[in-house]
Amino acid sequence: MNIQERFARWKAAEAAKLRPMHFRQRIGYILHYYRFWIMGLVLLLAVAFYIGDVVVQSQKEILLQGFFTNDEYDLFPADWIQKDYAATQDLTRRQRIVLDDALYIDLGGDASDYTSASNGKLIAYTLTHELDFVVTSDEVLDYYKDNMPMKDLREILSKKLQQQLGDALYMSTDADGAYSCIAVDMTGSRFVAGTGADTDPRVEHTYYLFVPESAPHTEQVAAFLRYAFRLE
């Protein structure tokens with residue numbers, strides 16, 4: 001007996017069982033005896049949808065890509081910021097903003113696989129010219145400013161935006177020993193100011209935005225800063 005004949009017999013047998021049942025009984029029978037098949041089908045559809053979404057997203061042009069690291073106080077929820085900022089931009093269906101807050105850089109010397117992977121991801125995206133900005137704690141900034149070439153923000157921000165940001169611009173020596181504007185203090189941004197975090201004694205770190213020297217979308221970084229600080 002081939003597969004087609006077996007399927008035909010199974011179908012006929014099941015139809016005979018279901019025929020005398022009323023609607024609710026049929027639903028109960030199907031959910032009880034075929035629940036694992038139904039669960040498997042739902043899981044298969046979910047996996048197919050996920051793979052399809054990954055393929056579609058990978059084909060879109062990334063206009064801005066940023067990482068938030070060591071956000072112990074959940075000041076920078078990447079998913080929400082990504083959606084909210086994207087809504088302020090005139091994106092086409094083939095463009096997207098990509099933000100990630102699932103990174104933690106451990107400077108204590110006891111790096112776990114997770115923190116090693118976070119550092120590796122940040123370095124890899126920088127070397128491949130895919131990373132536009134990083135928002136991180138003061139201690140991580142102090143580490144990277146001596147180990148990673150950074151943009152002098154005075155070169156990529158307009159004079160007007162520099163004036164608007166004012167004291168938020170952070171001047172220091174970079175990895176090459178040159179005195180430059182390496183970061184923006186995010187304390188006055190919409191993510192911190194007015195949320196209570198700027199006066200909460202439990203928030204021990206100041207968070208800064210810096211731009212790697214290899215950042216590909218500096219104009220979008222400027223636009224993101226105007227959004228972050230509610231500037232025109």
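Biologist: Which residues does Asp100 touch, not counting residues up to four places away in sequence?
Modeller: A word on the ground rules: this is a predicted model, in which local features need pLDDT of at least 70 and side-chain atom pairs count only at pLDDT 80 or more, while totals for chains, interfaces and linings use all residues. Residues are numbered from 1 along each chain as its sequence is written, and side-chain values use heavy atoms, with hydrogens and water left out. Taking contact as heavy atoms within 4.5 Å, Asp100 touches Gly66, Phe67, Phe68, Ala78 and Lys121.

Biologist: Is Asp100 buried or exposed?
Modeller: Asp100 belongs to strand E2; helices (H or I, at least four residues) and strands (E, at least two) are DSSP runs, numbered from the N terminus. Buried means under 20% relative accessible area, exposed over 50% and partly exposed in between, with a 1.4 Å probe and protein chains only. Asp100 has 17% relative accessibility, so it counts as buried.

Biologist: How far apart in space are Asp100 and Pro77?
Modeller: In sequence, 23 residues separate Asp100 from Pro77. From C-alpha to C-alpha, their distance in space is 8.5 Å.

Biologist: In what order do the strands of the open sheet lie?
Modeller: The sheet has six strands and mixed pairing; two strands pair if DSSP finds at least two bridges between them. Strand E2 (95-103) and strand E4 (169-173) each have a single partner strand, so one side of each has no neighbour in the sheet. Read across, the order is E2-E1-E3-E6-E5-E4.

Biologist: Which residue of E2 is the bridge partner of Ile62?
Modeller: Strand E1 (residues 61-69) pairs with E2 in the parallel sense, over seven bridges. Within E2, the partner of Ile62 is Arg96.

Biologist: And which residue in E6 does Thr136 stand opposite?
Modeller: E3 and E6 run antiparallel and are joined by four bridges. E5 also pairs with E6 in the antiparallel sense, over two bridges, and there Asp185 has Tyr208 of E6 as its bridge partner. Thr136 likewise stands opposite Tyr208.

Biologist: Which residues of E6 are buried, face by face?
Modeller: Both faces of E6 are covered. Tyr207 and Leu209 are buried on one side, and on the other, Tyr208 and Phe210.

Biologist: Which strands does helix H8 lie across?
Modeller: Helix H8 (residues 218-228) runs at about 55 degrees to E1; axes are lines fitted to C-alpha atoms, for helices over the stretch in contact, and angles run from 0 to 180 degrees between N-to-C directions. The strands it lies across are E1, strand E3 (133-137), strand E5 (179-185) and strand E6 (207-210).

Biologist: How many residues of H8 are buried?
Modeller: The buried residues include Val221, Phe224 and Leu225. They pack against E1, H4, E3, H7, E5 and E6. H8 is mostly covered, and of its 11 residues the buried ones number eight.

Biologist: How many nonpolar residues does the contact of H4 with H8 have?
Modeller: H4 brings Trp80, Ile81, Asp84 and Tyr85, and H8 brings Gln220, Ala223, Phe224 and Tyr227. Ala, Val, Leu, Ile, Met, Phe, Trp, Tyr, Cys and Pro count as nonpolar, Asp, Glu, Lys and Arg as charged, and the others, Gly among them, as polar. By class there are one polar residue and one charged residue, and the nonpolar ones number six.

Biologist: Which residues touch the most other members of the largest nonpolar core?
Modeller: Such a core is a set of buried Ala, Val, Leu, Ile, Met, Phe, Trp, Tyr and Cys residues joined through side-chain atoms within 4.5 Å. The largest has 38 residues, and H8 gives the most to it, with seven. Those touching the most other members are Phe76, Met186 and Phe224.

Biologist: What percentage of the protein chain do buried residues make up?
Modeller: The chain holds eight helices and six strands. Of its 232 residues, the buried share is 36%.
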